[in-house]
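Thanks for coming. I will keep this short and go through one model.

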Amino acid sequence: MAPFLNPVHINDVLENFKLRDAAGNEVSLYEVNSKYILIDFWASWCIPCRMENQKIAKYYSQYKITDFQIVGISIDESKEKWLSALKEDNVGWISLCDPDKKINDRFGVNAYPTNFLLDGDFKVIDRNLNSKSLLKRLNKLL
């Protein structure tokens with residue numbers, strides 16, 4: 001197991017990273033232009049992750065992408081299982097895959113789901129919000 005290089009804390013500014021989406025396109029964190037961004041680390045085999053995806057999917061579309069965007073980062077090694085989970089969970093946000101756990105390890109993620117809520121400057125303003133607490137936080141922010 002690789003060492004966790006940089007555990008992420010509140011007020012940290014996340015470093016840019018690039019990962020591939022389902023279509024194979026490279027996506028950069030710093031290309032995401034939104035007031036608030038949730039970076040969500042998950043996996044298709046993680047039952048709590050899947051439950052949270054499904055709950056968030058129910059209210060995600062009520063926000064404009066310029067106000068709130070999600071960048072889901074799966075650690076699945078199987079592209080088929082990842083894509084199947086995205087479809088089953090009705091995921092409509094940016095979905096990237098990190099099968100080698102390079103970004104996962106860089107940010108010190110060691111449990112799933114793990115998420116970081118960022119402001120538009122990529123500064124961490126909250127972390128590990130479940131779907132209910134995320135909704136409350138967004139309603140206060142927006």
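First, the ground rules. This is a predicted model, in which local features need pLDDT of at least 70 and side-chain atom pairs count only at pLDDT 80 or more, while totals for chains, interfaces and linings use all residues. Residues are numbered from 1 along each chain as its sequence is written, and side-chain values use heavy atoms, with hydrogens and water left out.

I start with the core. A nonpolar core here is a set of buried Ala, Val, Leu, Ile, Met, Phe, Trp, Tyr and Cys residues joined through side-chain atoms within 4.5 Å. Buried means under 20% relative accessible area, exposed means over 50%, and partly exposed is in between, with a 1.4 Å probe and protein chains only. The largest such core has 44 residues, and those with the most contacts inside it are Ile39, Phe41, Phe68, Leu118 and Leu134. Two or more residues each come from strand 3 (36-42), helix 1 (47-60), strand 4 (68-74), helix 2 (79-88), strand 5 (94-97), strand 6 (114-119) and helix 4 (131-141). Strand 3 gives the most, with six residues. Helices (H or I, at least four residues) and strands (E, at least two) are DSSP runs, numbered from the N terminus.

Now some residues around strand 4. For contacts, the cut-off is heavy atoms within 4.5 Å. Not counting residues up to four places away in sequence, Phe68 touches Ser34, Tyr36, Leu38, Tyr60, Tyr63, Leu117, Leu134, Leu138 and Leu142. Gln69 is in strand 4, and it counts as buried because its relative accessible area is 8%. With the sequence neighbours up to four places away set aside, the contacts of Gln69 include Tyr36, Leu38, Tyr60, Trp93 and Ile94. Asp67 sits in the loop between helix 1 and strand 4. At a relative accessible area of 13%, Asp67 is also buried. Leaving aside neighbours within four places in sequence, Asp67 is in contact with Ser34, Lys35, Tyr36 and Leu142. Asp67 and Asn33 are 34 residues apart in sequence, and their C-alpha atoms are 8.7 Å apart.

Next, the rings. How many aromatic pairs does the structure hold? There are eight. Rings of Phe, Tyr and Trp (its six-membered ring) pair if their centres lie within 6.5 Å; planes under 30 degrees apart count as stacked, over 60 as edge-to-face and the rest as tilted. The rings of Phe41 and Phe107 have centres 6.5 Å apart and planes at 80°, so this pair is edge-to-face. The pair links distant parts of the chain, with Phe41 in strand 3 and Phe107 in the loop between helix 3 and strand 6, 66 residues apart. Phe41 and Phe107 are buried. Tyr60 and Phe68 form another edge-to-face pair, at 6.1 Å centre to centre and 65° between the planes. Tyr60 and Phe68 are buried as well.

Ring pairs also link Phe17, Phe41, Phe107 and Phe116 into a cluster. Phe17 lies in the segment before strand 1 and is buried, at 2% relative accessibility. Leaving aside neighbours within four places in sequence, the contacts of Phe17 include Val27, Leu29, Ile73, Leu96, Ile103 and Phe107. Phe17 and Ile103 are 86 residues apart in sequence but 7.3 Å apart in space, C-alpha to C-alpha.

On to the pocket. On a 1 Å grid over the protein atoms alone, a pocket is an open set of points where a 1.4 Å probe fits, with protein on both sides within 12 Å along at least five of seven lines; lining residues have an atom within 4 Å of a point. The largest pocket is lined by 17 residues, of which Leu19, Arg20, Cys97, Asp98 and Pro99 lie nearest its centre. Strand 1 gives the most to this lining, with four residues.

Last, the backbone. A cis peptide bond joins Tyr112 and Pro113, with omega about -5°. Pro113 is in the loop between helix 3 and strand 6. Asn90 has a positive phi, near 60°, and is exposed at 60% relative accessibility. Asn128 has phi near 55° and is partly exposed, at 43%.
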